[in-house]
Structures are given as C-alpha cells and as structure tokens.
Amino acid sequence: MTTRLADIAAQAGVSEATVSRVLNGKPGVAATTRQSVLAALDVLGYERPVRLRQRSEGLVGLITPELENPIFPALAQVIGQALTRQGYTPVLATQTPGGSTEDELTEMLVDRGVAGIIYVSGLHADTTADMQRYERLRAQGVPFVLVDGFSPKVQAPFISPDDRAAMALAVTHLASLGHNRIGLALGPKRFVPVQRKIEGFVRAVQEQLGLSAETVETDLIQHSLYTLEGGQAAASALMDRGCTAVVCASDMMALGAIRAARQRGLEVPDDISVVGFDDSPLIAFTDPPLTTVRKPVPAMGQAAVRTLLEEIGGTPAPHSEFVFMPELVVRGSTASAPGDRNRP
C-alpha cells in the first residue's frame, strides 16, 4: 500500500498524505488536486476506490482506426499528452477489423461517463455514412471534436489538414523535376479526404502540365486501400499507364509503391519517383528516405484537445472546420524524370 501511495503521489505531483485524503474521501483537498490524484490512479492502472468510481469527469475518449498505420499512434500520442497535461485521462478506443464498431465504442465511452470524445478518421469522413449518430450524441450532451473529415450535416468543430494544398505541393515538386506523367494512388472515393486530394491533384496537374480534368481523372488516378499492399497495386496500375512519378495518399501506400517498382526491376528514384503523405514516424529512415507531405500532427492534435476542452468548459468553439497547412519534406525518393537528367 505504501509503495502504491508513493507511486500515485509521484505521478500526481502531490504528497502521500494528500493521496491518502483523496482515496479516503476526506475533505480539505482542492478540486484540481483531487482530479490530479484520480487521473494518476487511472494512468497507473490502479482501481479507483468504489466511492470514487463515479467521478469520471476526467476521462476523455479517443476513437481511432486501426493502429497499423503509424500516423494514428503518432496522433494519439500528441492528443494523449495534451489531455494529460490538462488533468484529463485519455481512453484510447481502437477500431479493428472484425472488432467493435465506432457506434459500439461510442456507447462504451458514454457509459463510462467520459467528459468528451475525439474522433479520428471516423464515419464523419465517410460521405455514405449516416451523420445522425453524431446529432444523437450531441443530444445526449456529450461534447466531441472530429479530426480528418468534414460533413456540413454535423454541428461540431472539425480539425483537418489542407488536402488540396498537399497535392499542389507534391505535383509542383514533381513537375519541377521534369515529370509530365504523374499518378495519384489513394483510398476509396467515398471518403472526404480522398475527394479533396483528387480536387487538389486535378487542379495542380491542369495548371502545371496542361492536361484536361477528364484525362487526369481517367488515366492518372487509381483507387485502392490505405495499406502497403494497396499502394503496391495502385502504383503498379499507374506504372502500366506510363507514370514516371506516383503521389500516394499515405506513407504506407508509398512504401507499397516502392515495392511495386522494385518488383519490376526499377530503381527509386532513378526510374520512378514516389511521394508519400503524413511523414509518419521513422519514414525518414526508409530506403530510400521518403519524400512526403508532412501532416501537421502536433498542431492538429493540440487543436483538437484545446477545442474539446472549450466545449467541455461551456464555451464552445465555432462549429466550423479548422484547416492546417501541410509542408513538403524532400528526401531521396524523388529525382529528375528519366530522360530529363540534365536538369539541376
């Protein structure tokens, strides 16, 4: 027990005597201090005493897709750290194939009495999904913020990267290297970020290379899955159509594109250039290091937390979309187009 008190006190930054007072329900402890002790219990995995278990105002749910794509754990870490600094305890709920659905995870978190929920790349990004689920959640009085996706049907704050600008950055970079046959590999068309990337890509290719929108959409865009295998399949199809450069909608897809090139005996970037999207952890250390469009994960994660806490505090943020600018990170997977090697 003494060891446990010491652990909790160290985690919460208070004395063991204060921890003891909180655990025994004694008066004379400030509300913020009490909350810090309860949060420390949760973080360390200790059971709250029965009399304190209903006090779960400090829990915030975070619902993400599967964690195989490293950008999701990276975003979860930023959000979790920001919540912890504010005295809240993040509860990570991950969707996995064949596992709990978003609705089931939402119900579980609401039953736990969470103070609010942050959704990352959820059904709000799917244009075919029923958005009434979010209005029902709002009617229950649960504040929430939606990351990566937008729907005009949902009255809530949205946090997004500028997907259109991201494609303009990638296409402009490749066109400057002499590529005039640039393909785009991305996920299913029903998702809002996919539709926005297509809009940005089509406009950029029209401006940079003078191609018609119909030609771009017919010949230079390939839908697949947001996986390494999906990127491999999409890039292979684009290479069959003569593309010397491929822009991918995720770093995982970009790694698949590199594998597709190598299976054909092609070198990256000598024979084909590849651009990713996200700048996931460790992606700078691939072979070759990946040129990618960096998603502003720290800024987006912190904004999601700040916005949710404003909602929880009773001063809601505007029910609109906060859009964050990405940046191009040039590394070793892009080079001058084949046959255009005299360019600087």
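The legends below describe close-up views of one predicted model. Residues are numbered from 1 along each chain as its sequence is written. In this predicted model, local features need pLDDT of at least 70 and side-chain atom pairs count only at pLDDT 80 or more, whereas totals for chains, interfaces and linings use all residues; side-chain values use heavy atoms, with hydrogens and water left out.

**Figure 1. Overall view of the protein.** The protein contains 12 helices and 12 strands (DSSP runs numbered from the N terminus, helices being H or I of at least four residues and strands E of at least two). Its C-alpha trace spans about 80 × 40 × 35 Å along the principal axes. Of the 344 residues, 50% count as buried (under 20% relative accessible area; exposed is over 50% and partly exposed in between, with a 1.4 Å probe and protein chains only). Gly-28 lies in the loop between α2 (16-23) and α3 (31-44), and its 78% relative accessibility is why it counts as exposed. Between Gly-28 and Ser-151 there are 123 residues in sequence and 47 Å in space, C-alpha to C-alpha.

**Figure 2. The six-stranded open sheet.** The strands are arranged in the order β2-β1-β3-β4-β5-β11, with parallel pairing (two strands pair if DSSP finds at least two bridges between them). Strands β2 (89-94) and β11 (321-324) stand at the edges with a single partner strand each, so one side of each has no neighbour in the sheet. On average, neighbouring strands are turned by 20 degrees against each other, direction ignored (axes are lines fitted to C-alpha atoms, for helices over the stretch in contact, and angles run from 0 to 180 degrees between N-to-C directions). Within this sheet, β3 (residues 116-120) and β4 (residues 144-147) run parallel and are joined by four bridges; Val-120 stands opposite Val-147 in β4.

**Figure 3. Strand β8 and its partners.** Strand β8 (residues 245-248) is covered on both faces, with Ala-245 and Val-247 buried on one side and Val-246 and Cys-248 buried on the other. Strand β6 (residues 182-186) pairs with β8 in the parallel sense over four bridges, and Gly-183 has Val-246 as its bridge partner in β8. Three bridges join β8 to β9, again running parallel; here Ala-245 has Ser-273 in β9 as its bridge partner.

**Figure 4. The largest pocket.** This pocket (on a 1 Å grid over the protein atoms alone, an open set of points with protein on both sides within 12 Å along at least five of seven lines, lining residues having an atom within 4 Å of a point) holds about 1000 Å³ of space. The volume is the space filled by probe spheres set on the points, which are joined across faces, edges and corners. Of its 36 lining residues, Pro-65, Glu-66, Phe-72, Ser-121 and Tyr-226 lie nearest the centre. Elements supplying at least two lining residues each include α4 (71-85), α8 (192-209), α10 (228-240) and β9 (273-278).

**Figure 5. The second largest pocket.** Its volume is about 170 Å³. Helices α5 (102-111) and α6 (132-139) each supply at least two lining residues, and α5 gives the most, with five. Among the residues of the lining are Glu-102, Tyr-119, Arg-133 and Gln-140.

**Figure 6. Helix α12 and the residue that follows.** Buried residues of α12 include Val-297, Met-300, Ala-304 and Leu-308. Just after α12, Gly-314 adopts a positive phi of about 90 degrees.

Conventions: On a 1 Å grid over the protein atoms alone, a cavity is a set of points where a 1.4 Å probe fits but cannot get out, and a pocket is an open set with protein on both sides within 12 Å along at least five of seven lines; lining residues have an atom within 4 Å of a point.
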